[in-house]
Amino acid sequence: MRHFRRVAVVTTVAALTATGLAACGGNGDDSAAGVLKLWHYESANSAMGVAWDRAIEIFKDEHPGVEVRFERKAFEQIQQNAGMIINSSEGPDVMEYNKGNATAGLLSSQGLLTNLTEEATRRGWDKALSPSLQTTARYDNGVMGSGNWYGVPNYGEYVMVYYNKELFAEHGVSVPTTLAELTAAMDTFVAKGVTPLGMSGAEYPAGQLFYQLALSRADRDFVNAYQLYTNPVDFRADPLRYGAEAFAEWVRKGYLAKDSAGLKAEDMGTAFISGKVPMIISGSWWYGRFKSEISYDWDSFLFPGNTLHAGSSGNLWVVPETSKAKSLAYDFIDITMRPEIQALIGNNGGVPVAGDPATISDEKDRKLIENFNTVSSQDGLAFYPDWPVPGYYDVLVSGFQGLINQSRSPEEVLDAIAKPYHDGVAEIKRD
């Protein structure tokens, strides 16, 4: 899951005339509204921001007479206040919202989101999205993976290894294809006095590294048990035990710095941008920024040896139950799934869910999408470690800070993160 801060900016498109409402494609009071209120929190120069700006233009061209009231919000505004916002008359008709049980799942279980199942079938969204991508779109009593559609993703994201090709060449390190080769590569860097892996213990990267290591010993049954509660999860057994023990070993071997326990994700990212570290293990959401800000030769590869990878669909378009312009909202969502918009996402460093790599001009961009398609096609998206229960993000951050600064043993960390997980799952099942 992405965790970031963005400054709230509000942009309202000038009101258009009321003529031409028949072209809206809606019915009843939806089309009579003549207004579409749309919120999202992507920056204007991000892949999604660029693509969705174009989608708004297309929507206006195809819906003359409809006023589009677009507001760019901060991530935290929506994350922390979504339930209150969309249950009011001031809320949007269509909104970007975070996927997962603790977010979209929770709101769907409270009756705050519109059931989109009929539209997903009618408009072919169910055909455009692979089963693993549909997981985060569908919820049954708030638990993702089955049931009705309550959101639609139009981009994807996944965790990979970014690497500095110049530092690899300087130290004679080849791109690893197995976990053993990855650790051997890091041993080479350490022997030459270079800390090989940038890290952030104060935010999500540490938990995602733990999860990637655990996934190297996991299968889909484990992912379904951990994320979807299909079976009890034993935190003292593999693959979670292996993830914590391997993480601690990486710290002891100097693969990541002990003082990174207090660093933010931004610190990790800027260290890679400035060429100070050979690698970071993080998500595709960094890709566009790296492409625009890094001056040296860099690239990426999938976490070596893994079939399962942290990743999922991107965030969802959701339609609040209180929306007065549902037909217009469906039309806008449908536009974002079109080949033109999908290609814009891909050509600006994003990961389209229904994109054709052949339409992507840049070699790095094309590889980013091809790797995502590889993971998605083999049912390899394993979601994120903090998703299963509300509040789990902070639990994982605290736990893995303790591993980085070596104030806790792997067993202590596993026990510390097990209880909130089990308590949270029990609470969800009671509800």
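Buried here means under 20% relative accessible area, exposed means over 50%, and partly exposed is whatever falls in between (1.4 Å probe, protein chains only). The model is a predicted one, so local features need pLDDT of at least 70 and side-chain atom pairs count only at pLDDT 80 or more, while totals for chains, interfaces and linings use all residues. Residues are numbered from 1 along each chain as its sequence is written, and side-chain values use heavy atoms, with hydrogens and water left out.

A salt bridge is counted when a side-chain nitrogen of Lys or Arg sits within 4 Å of a carboxyl oxygen of Asp or Glu. On that basis the structure holds 24 salt bridges. One of them pairs Lys99 with Glu157, with 3.0 Å between the closest N and O atoms. This pair ties together distant parts of the chain, 58 residues apart: Lys99 is in the loop between strand S4 (94-97) and helix H4 (101-109), and Glu157 is in strand S9 (residues 156-164). Helices (H or I, at least four residues) and strands (E, at least two) are DSSP runs, numbered from the N terminus. Both Lys99 and Glu157 are buried.

Lys326 and Glu321 also meet through their side chains, at 3.0 Å from N to O. Here Lys326 is buried at 15% relative accessible area, whereas Glu321 is partly exposed at 39%.

Then there is Glu427 with Arg430, a salt bridge at 2.4 Å, N to O. Both residues belong to helix H19 (residues 410-430), three residues apart, or about one turn of the helix. Glu427 is partly exposed at 38% relative accessibility, and Arg430 is exposed at 60%.

Finally, a network of salt bridges links Glu119, Arg122, Arg123, Asp331 and Asp334.
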